[in-house]
Amino acid sequence: MSDEPHLLTEVQGAVAIIRINRPKVLNALNLELMQDLADLMEGYDADDSIVVILLAGSERAWAAGADIGDMATASAADMRARDQFAQWERIRAIGKPIVAAVSGFALGGGCELMMHCDIIVCSQTAKIGQPEINIGVMPGAGGTQRLTRAVGKAIAMDVVLSGRFLSADEALRHGLVSRVVPPEHWFTEALSVARKLSSMPPIALRSAKASVLNAEESSLGDALVEERRLFMDLFDTQDQKEGMSAFLDKRRPKFTGT
Ligand code: CO8
């Protein structure tokens, strides 16, 4: 086993940057990495000095999937006993916005992790897919559900059943990623998005994220009721007072997260 940490972290202002760092296996996601990632994200979620999390892969790979070496000889009972999906649920529950900086392969569990992020900035080099079918299985960390909600049944079936990769431009056209940038800008553009978000009112960011996610998880009627509640609750925050009075005074707002 390598001594290199499998996750590298750095804080720049109110942006917490996490880089996946298993270059020898194209950032394949093993159990310890997922546990550490969930621990880190929960830590940043609870830290008032952090507003946004930026999750990045490397230039060659965001993540080429779950670590196949971890699962190759496992039985169904072994897989059930591992309770690995608890880590994915913890990441799903992160309230602060997560920006993804994606270059190269985003496959299988890697694509599923990408879809747990909120704004996905993607290099033109990205190759995105759910190729589990090639190795005798299927997506298991939300791929059949989130991909279908993002791109629709026709493209999801194509990607999941044939294992073909989407190019970055296809992914953008089908609504799977937020922005596609030239190869040299995948990280800097994602960082600039994260920095921009970090100047926004933190409570409103959380509420807005929760409300957008509700579109995937609730009926329209329930989600609209919840949206109205979240919207009105923001009128009890200082940041709403500051944001609106700064607009009227024609000055930049100073948000405090209160
Ligand atoms: N797991 C483990 N090792 C990997 C993985 C992986 N997912 N992907 C690549 N590697 C390793 C290769 O074995 C190789 O190792 P070595 O140098 O020791 O031979 C090294 O990374 C470099 O890979 P390649 O030589 O294959 O590089 P290429 O450029 O030729 O090919 C590919 C790149 C196309 C990305 C190719 O490596 C590939 O097909 N990888 C597997 C992709 C895949 O099938 N992903 C899905 C995995 S299953 C999954 O994600 C299920 C998720 C379920 C839910 C999550 C629960 C935790």
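Analyst: In this predicted model, the centres of domain 1 and domain 2, taken over C-alpha atoms, are 26 Å apart. Domain 1 covers residues 7-198 of the protein chain, and domain 2 covers 202-249.

The contact between them can be described from both sides. On the side of domain 1, 11 residues are in contact with domain 2, which contributes six residues of its own. The size of an interface is often given as the accessible area lost when the parts come together. Here domain 1 and domain 2 bury about 830 Å² between them, and carbon and sulfur atoms account for 48% of that area. Within the share buried by domain 1, Arg92, Gly95 and Arg149 supply 40%, more than any other three residues.

Next come the polar and charged pairs. The rule finds three salt bridges across the interface of domain 1 and domain 2. It also finds five residue pairs in polar contact across this interface, with both residues at pLDDT 80 or more. As for the make-up of the side of domain 1 that touches domain 2, five of its residues are nonpolar, one is polar and five are charged.

Side chains of opposite charge can pair when their charged atoms come close. The structure as a whole holds 14 salt bridges.

Arg92, already named for its part in the buried area, also forms a salt bridge with Glu89, where the closest N and O atoms are 2.8 Å apart. Glu89 and Arg92 both belong to helix H4, residues 85-92, and are three residues apart, about one turn of the helix.

Strand S1 (residues 7-12) pairs with strand S2 (residues 15-20) in the antiparallel sense, over six bridges. Leu8 stands opposite Arg19 in S2. S1 and S2 make a hairpin with two residues between them, and Gly13 in the turn has a positive phi of about 60°.

A further set of four strands forms an open sheet with mixed pairing, in the order S4-S6-S8-S9. Its edge strands are S4 (61-63) and S9 (166-167), each of which pairs on one side only. S9 runs antiparallel to S8 (residues 127-129), and two bridges join them. In that pairing, Ile128 has Leu166 of S9 as its bridge partner.

Notes:
Residues are numbered from 1 along each chain as its sequence is written. This is a predicted model: local features need pLDDT of at least 70, side-chain atom pairs count only at pLDDT 80 or more; totals for chains, interfaces and linings use all residues. Side-chain values use heavy atoms; hydrogens and water are left out. Domain bounds come from an automatic or database domain assignment. Contact means heavy atoms within 4.5 Å. Buried area is the accessible area (1.4 Å probe) that two parts lose on being put together, summed over both. A salt bridge is a side-chain nitrogen of Lys or Arg within 4 Å of a carboxyl oxygen of Asp or Glu. A polar contact is a pair of N or O atoms within 3.5 Å; within protein, one must be able to donate a hydrogen and the other to accept it, and residues adjacent in sequence count only if both atoms are side-chain atoms. Ala, Val, Leu, Ile, Met, Phe, Trp, Tyr, Cys and Pro count as nonpolar, Asp, Glu, Lys and Arg as charged, and the others, Gly among them, as polar. Two strands pair if DSSP finds at least two bridges between them.
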